[in-house]
Amino acid sequence: MATRSVGRGVGRLLGSLCRRPGLPVRPLRGLSAQGGATSHLSRSAPAVAAAQPGSYLALSAQAAQEPAAFWGSLARDTLVWDTPYHTVWDCDFSSGKIGWFLGGQLNVSVNCLDQHVQKSPESVALIWERDEPGTEVRITYRELLETTCRLANTLKRHGVHRGDRVAIYMPVSPLSVAAMLACARIGAVHTVVFAGFSAESLAGRINDAKCKVVITFNQGLRGGRVVELKKIVDEAVKNCPTVQHVLVAHRTDNKVHMGDLDIPLEQEMAKEAPVCTPETMDSEDMLFMLYTSGSTGSPKGLVHTQAGYLLYAALTHKLVFDYQPGDVFGCVADIGWITGHSYVVYGPLCNGATSVLFESTPVYPDAGRYWETVQRLKINQFYGAPTAVRLLLKYGDTWVKKYDRSSLRTLGSVGEPINHEAWEWLYTVVGDSRCTLVDTWWQTETGGICIAPRPSEEGAEILPGMAMRPFFGIIPALLDEKGNVIKGSDVSGALCISQAWPGMARTIYGDHQRFIDSYFKAYPGYYFTGDGAHRTEGGYYQITGRMDDVINISGHRLGTAEIEDAMADHPAVPETAVIGYPHDIKGEAAFAFIVLKEDVGDADTVVSELKSMVATKIAKYAVPDQILVVKRLPKTRSGKVMRRLLRKIITGGTQDLGDTTTLEDPSVITEILSTFQKYKDKQAAAK
């Protein structure tokens, strides 16, 4: 194996851009770059001449105009390589071909573990914030490496080879992280399935990926409840012919049935050496698969590869959140989602950070859980979802102010656009109006953050509820329905990206044509995000929601997120969801679902006030024709509102709900259907 030269870190090249702009990018000579939709760059890239060397504008311009020099230098100085790459990128959106750092070889687990163990073995890699507060466990980089190697050796002894797929059905824990890194160490491909999916959903993903091994726990703990993980796996693998072994770890002391396929993981790991030679992987070998649901069709197994993904996750983690050595980074996402992959595991560990693993819920044992954790662990960056923020809003400010949050420097929002009320509450109450708040836009497909307020020029403004600035190498373009680029400012259109970036997914496993059709067919030459966006007078980007969440009311195109944002400013309304439905005269009309705070007395008054607010903030034509008060909204386990299900409810399409495997609680559909029927009966009686 080639001698490894330890990478010099992301900070060497760009520095802490948020704090000290001015560091130049050093071009990497003699590297080739092909494809990449370069014809779009001249009209979308900022001018280098207008910016100071090393500034955000200058670096953005170089990333757009000289991607080989920009990313080549970063990859060389950031990652630990076995073999240098000979070509920085080779990409062609028309065929869905995406390749970065070709010819290069490395191992991701070495980048996340070994290089830090060499320098600082007793540095804390993970703080496991277990379900019961005050019982956190700290894991050093040395301990995590040893655990990873034992697990990797266990996988090898049970027949897992380079390229084999391994399903991980585990809640957030150090062993879950070690399982991901163990796969990376031996060249296996992991697919983490959120530990809350049904047996049917789990089986579907295992079969699509043709997994050889499943790793799970006997049980899980979340919010004071026990989750029977092993029973779910048992049910799933009955219909999974490719599964040869189920490795069972123990989160609780309770015994579970062990069948012919089952292997006690801790016992087997204890037999193995704490050293495992890392497999040398090509840059474009598969690292992991992650399934995401679409509005139609089966879940898509999106493929991410080695070097490009790791570089992008590490760089965005450092620069978007202003991560500094010694910080405690607190992303409360589950590892079953891309946010957990990029900003709980790979990004922070590649940067040598201390990453928090949050096993519990925002309201267990009470609504102060997040902020008590911040105080106890002295968290410096907190990254969570708007849906959790809106939930906590209902409980008031007392639960926040009860705890010391002075350690916080950066607050982050992820998952969906954050409405103004939630943004202001997070900034003023949680952050005491002193923390940087980054509203981040990205997707499972993008691998990492693509638009966010930071990095930026020093002291640059941050506007509430807006992702604002493209990250380096992200070249946004707004396109109209005919595929024409929309120029200028104060315009809206389909959000596309005109140039490849290292972190993006490479294909849909087993169906590259579906990958092309999903992301490159609608707007040839561009990656289509599926989202709409507005570009402001200042040139900033605001996400308006999924394109299928844009409604046309009497010829006026309107993002449902805009209506939701207007209504969410009402103090009695913590959550809203708006969808479009057919209207005989207007073509489409808006239907709003709202959740009220518990102490609200007169719902009719609130509904009347909401209509006035929308008329005032947007226009009279934007006022929802129907507003239905519900107890809760249908959400995925990652916190996103499934608006397409709401559309099916009001249009009578509940016979075919499509893919509902990501729905947190299926009973919410019956609950809303019942409420909607009573609403219709009341309307009919009034006539």
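## Exercises on a predicted model

**Exercise 1.** Look at helix α19 (residues 643–651): which of its residues are buried?

*Solution.* Start with the list: Arg643, Arg644, Leu645, Leu646, Ile649 and Ile650 are buried in α19. Here "buried" means under 20% relative accessible area, while exposed is over 50% and partly exposed is in between (1.4 Å probe, protein chains only). Helices are DSSP runs of H or I with at least four residues, strands are runs of E with at least two, and both are numbered from the N terminus. Next, see what covers these residues: α17, β32 (575–583), β33 (587–595) and α20 (667–686) are included. Last, step past the end of the helix, where you'll meet glycine 652 with a positive phi, near 75°.

Before you go on, a word on the ground rules. This is a predicted model, so local features need pLDDT of at least 70 and side-chain atom pairs count only at pLDDT 80 or more, whereas totals for chains, interfaces and linings use all residues. Residues are numbered from 1 along each chain as its sequence is written, and side-chain values use heavy atoms, with hydrogens and water left out.

**Exercise 2.** Find histidine 158: is it buried or exposed?

*Solution.* First locate histidine 158, in the loop between α5 (141–157) and β8 (165–169). Its relative accessibility is 14%, so histidine 158 counts as buried. Now check its neighbours: leaving aside residues up to four places away in sequence, histidine 158 touches His245, Ile263 and Glu268, where contact means heavy atoms within 4.5 Å. Finally, follow the side chain of histidine 158 to the backbone oxygen of threonine 154, which it reaches at 2.9 Å.

**Exercise 3.** Trace the open sheet: in what order do its seven strands come?

*Solution.* Go across strand by strand and you get β7-β6-β19-β18-β20-β21-β22, with mixed pairing. Two strands pair if DSSP finds at least two bridges between them. Then look at the edges: β7 (137–140) and β22 each have a single partner strand, so one side of each has no neighbour in the sheet. Zoom in on β18 (residues 328–331) and β20 (residues 381–384), which run parallel and are joined by three bridges. Cysteine 331, for example, has tyrosine 383 in β20 as its bridge partner.

Conventions. A polar contact is a pair of N or O atoms within 3.5 Å; within protein, one must be able to donate a hydrogen and the other to accept it, and residues adjacent in sequence count only if both atoms are side-chain atoms.
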